[in-house]
Amino acid sequence: MNNIFPRASYDNIINVGQIFSRVKMIVNAELYVKDLPGQLVGSLEPISMVDGNIMGVVHDREQIVNHRISLNVTFEVEDATQLKRLEDIWKSRDVIISSIGSVYSTFSMEYLLIGRITASYVERLMDEASQAVTVDSVDIQYSSKNHHEKRTAMISVKVREEGDLERLDRFLGSACREGAITYVRGL
Amino acid sequence: MRIFIAGFGTVGQGLAEVLDSREMFFKKRYGENVKIVGVMDSKTYVTDPEGLAPMDLVSRKAETKRVGSRTYTDALEVLDSVDYDILVEVSPTNYETGGQGLKNIVHALECGKDVITTNKGPLAIKFGDLIALARRNRCKLKFEGSVGGAMPIINLCHDNLVGEKIQSIRGILNGTCNYILSKMDSGQPFEQALKEAQQLGYAEADPTGDVGGYDSACKVVILANSVFGRNVTFSDVSITGITGITEEAIALAKSRNMVVRLIGEVTDTKLEVAPRLVPRGHPLAVTGTLNAAQILSDLAGPITITGRGAGRLETASAILSDLISVLDDRGE
């Protein structure tokens, strides 16, 4: 039988491996799986097996080709090696990879802000930061106050460009100096 | 070969012990021993052109708290009172003016002597001037022990990586801060960890130089000038110490599988000392009093070295490597 599915290619995958910030790959894949019970789970499980993180799944039962249904999944993996491992697992499970595309890298960084801070202050700060740089995602976690009335905010940020991390670092560093807040950033 | 030791505290005494234990090595390699012809501490001195017995010096210091019986007011006069080939300058450092150590180094270089030092203050304040003076007088100025103690970072960059373009150096350059932060990893508050470090002799009674990041900043300056060929001084470094780090912050970092470490960073454009979040398992997530440095070069990529950053014999080991380098050069 001729392969009616377009060949997957890694040509458009950006992987900027370096040691200053943690880079991950966001990947969108178009899969075709057999229209049988358990096939959906069986095709998503390998993403966890390569330590990937599923960000979104669209299961299209209307689009059936050769008794297979379309599955569009967006996920995050560490690097191209993990993506290749994932591809091999899918192939071994008879999952057809129609395309891998819409791929981009994210740069992640963690920050600690320590001082007499409130949640509203930190959230306002991050709102201002997101006007200066394109932030993909922000996650903030707080400690309780200690006996000096100080608390800590741990901020995890993902951006699309490495230059954004430098801009964000300058912005947060400057704001913390002004506010007498101890500023700790990731490597 | 005759050396004069200026400063006879922990490091000076460690060097005397090492010279004593390496007597046969020197005789075999150079056909003669290295003679200590003069030593001074902060108040007293002793000289002997025929050579002083290293272990006698150590014993006398331990018993009387003084290395010699003669007192002095002018250290430079003491240096001039005996002929020597190499000055080993290991007196207490002064971050603000360079102190007596700077005067000793300048005087020795002006007199055409080679100098080996672990004294960070003079190097952080007057590096360019000292190198120029050494070149003018065709002297060697070696300072491996000034950064990272036994960790051979400067000579690694100068010798093994000489053909590489070094892009950055990041590292833990102060064992005291690393000890305190390691203790905080297991839940101790800052004040308690600092007190413990003081009791164990890792931190001074006034710990500002360590916990304020100033000691690391001096080392950053020395690396910037010696490895990156920059012309910077202490005041050019952006410095944040570890006094603002709370146990809650450490716990929050731990919940994300990270630790906080005081990192010195040098590139062509950056000079910084600051607490940073380091993933557990990262080469820089070392514990205790260890120092670690990651050198990023264009061909070799990242190279990590780790070792004891301070200590009697550890620092003496760095001086020994400088001494051998100077002696080898003289023999060529």
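Tutor: We will go through a pair of helices and then a pair of domains. This is a predicted model, in which local features need pLDDT of at least 70 and side-chain atom pairs count only at pLDDT 80 or more, while totals for chains, interfaces and linings use all residues. Residues are numbered from 1 along each chain as its sequence is written, and chains are lettered from A in the order in which they are written.

Student: What makes A:Leu125 of H3(A) part of the contact with H4(A)?

Tutor: Two residues are in contact if their C-beta atoms, placed from the backbone, lie within 7 Å. The axes of H3 (residues 119-132) and H4 (residues 162-178) of chain A come within 10 Å and cross at roughly 145°, the axes being lines fitted to C-alpha atoms over the stretch in contact, with angles that run from 0 to 180 degrees between N-to-C directions. A:Leu125 is one of the residues that make this contact, and A:Phe171 is among those on the H4(A) side.

Student: How are the residues of the contact of H3(A) with H4(A) divided?

Tutor: They comprise 7 nonpolar, no polar and 1 charged, where Ala, Val, Leu, Ile, Met, Phe, Trp, Tyr, Cys and Pro count as nonpolar, Asp, Glu, Lys and Arg as charged, and the others, Gly among them, as polar.

Student: Where do the bounds of domain 1 and domain 2 of chain B lie?

Tutor: Domain 1 covers 2-149 + 312-331 and domain 2 covers 154-308, with bounds that come from an automatic or database domain assignment. In chain B, 16 residues of domain 1 are in contact with 18 residues of domain 2, and H6(B) gives the most to the domain 1 side, with 7 residues.

Key
Helices (H or I, at least four residues) and strands (E, at least two) are DSSP runs, numbered from the N terminus.
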